[in-house]
Amino acid sequence: MKGTLYIVATPIGNLEDITLRALRVLKEVDVIAVEDTRHSLKLLSHYEIKGKPLISYWAEREKVKSEEVMKRLNLGQSVALISDSGTPAISDPGGVLVRKALDSGILVVPVPGPSALIAALSVSGMPVGGFTFIGFLPSKRTQRVKALKDLSLEKRTLVFYEAPHRLLETLADIEEIFGSRMAVVIKEITKLHEEAMHGSIPELRASIQEKTIAGEYVIIVEGRKIKEVSFGEALSEVMALIKKGMGRKEAVKTVAREYGISKNELYEKSLLR
């Protein structure tokens with residue numbers, strides 16, 4: 001009989017933010033797969049979870065280490081997967097193992113708990129009926145700018161993670177592509193120096209430049225607001241884009257997506273102009 005893989009969420013800062021179920025699972029499983037043994041031992045020691053075999057499971061070695069975990073699961077052992085903080089496989093290692101376990105017919109059980117994404121959204125004041133989670137943007141600027149341009153027409157709230165050493169660069173690129181949209185930057189969620197900063201992107205950039213930049217950050221940006229335009233105005237925009245050299249289909253697609261207009265109707269009308 002094969003074992004069970006538990007995906008266990010752990011605190012993102014404050015050690016009190018762990019569920020009773022998570023503690024029980026960590027005490028009962030045969031093995032714990034961790035992102036960094038040094039980091040996870042602090043949590044396990046705090047809750048007197050001792051003597052458990054640990055498998056180090058960091059991102060660069062995920063493919064290799066997942067095979068070791070799979071051997072344990074196929075032998076019938078139960079394994080808890082935890083990351084340094086939050087929920088495994090969400091901008092953290094774990095996705096490779098989860099996929100392998102599912103493909104092998106192994107039961108994968110979520111043990112929900114802390115998530116920086118959800119915690120940040122809950123205090124953002126932004127519309128959260130629908131949102132788009134991006135996680136970490138590319139570290140290279142050209143790729144980062146391209147990714148932001150691809151998101152520029154997204155109407156839902158956007159959520160990014162960012163490391164301290166790239167925070168100002170990323171905010172500068174967000175301002176360049178998104179302009180003066182409203183945003184929230186939250187640092188060190190649940191930790192001693194937790195802070196949520198609200199304002200326009202330019203205001204936040206100016207304010208953060210005067211602060212000490214340290215810890216992990218969540219950036220939440222409002223989605224694109226839809227401008228109400230007539231069909232004739234939308235058609236004029238299509239023709240203007242075509243005159244600038246954009247292909248007809250691409251021009252129609254761009255304008256239709258921006259204003260929520262029928263792409264087929266817009267295309268047909270553009271042929272008559």
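**Helix faces, salt bridges and a positive patch**

The model described here is predicted. The buried residues of helix 1, which covers residues 20–28, are Ala22, Leu23, Val25 and Leu26. Viewed down the helix axis, these buried residues fall within an arc of 165°, so they line one face of helix 1.

Turning to charged pairs, the count of salt bridges comes to 15. One of them joins Lys65 to Glu68, with the closest N and O atoms 3.6 Å apart. Lys65 and Glu68 are 3 residues apart in helix 3 (residues 62–74) and are therefore separated by about one helical turn. An α-helix has 3.6 residues a turn, so residues three or four places apart point the same way. Glu68 counts as partly exposed, at 33% relative accessibility.

A salt bridge also links the side chains of Arg141 and Asp173, at 2.8 Å from N to O. Because Arg141 lies in helix 6 and Asp173 in helix 7 (residues 167–178), this pair ties together parts that are 32 residues apart in sequence. Arg141 is partly exposed at 44% relative accessibility, whereas Asp173 is buried at 2%. Salt bridges with shared partners join Arg141, Arg144, Glu169, Asp173 and Glu176 into one network.

Glu154 forms a salt bridge with Arg156, the closest N and O atoms being 2.8 Å apart; Arg156 is partly exposed, with a relative accessible area of 42%. Lys155 sits in the loop between helix 6 (141–151) and strand 7 (157–162). Lys155 is partly exposed at 36% relative accessibility, and together with Lys253, Arg257 and Lys263 it forms a positive surface patch.

Note on methods:
Residues numbered from 1 in each chain as written. Predicted model: local features only at pLDDT ≥ 70, side-chain atom pairs only at ≥ 80, totals over all residues. Heavy atoms only, no water. Patch = residues over 30% accessible without salt bridge, like charges linked within 9 Å, V, L, I, M, F, W, Y side chains within 5 Å. Areas by Shrake-Rupley, 256 points an atom, 1.4 Å probe, with all protein chains shown as cover. Salt bridge = Lys/Arg side-chain N within 4 Å of Asp/Glu carboxyl O. Lys, Arg positive; Asp, Glu negative; His and termini not counted. Charge placed at Lys NZ, Arg CZ, Asp CG, Glu CD. Helix = DSSP H or I, 4+ residues; strand = E, 2+ residues; numbered from the N terminus. Buried < 20%, exposed > 50% of the residue type's maximum accessible area, 1.4 Å probe, protein only. Arc of directions from axis to C-beta.
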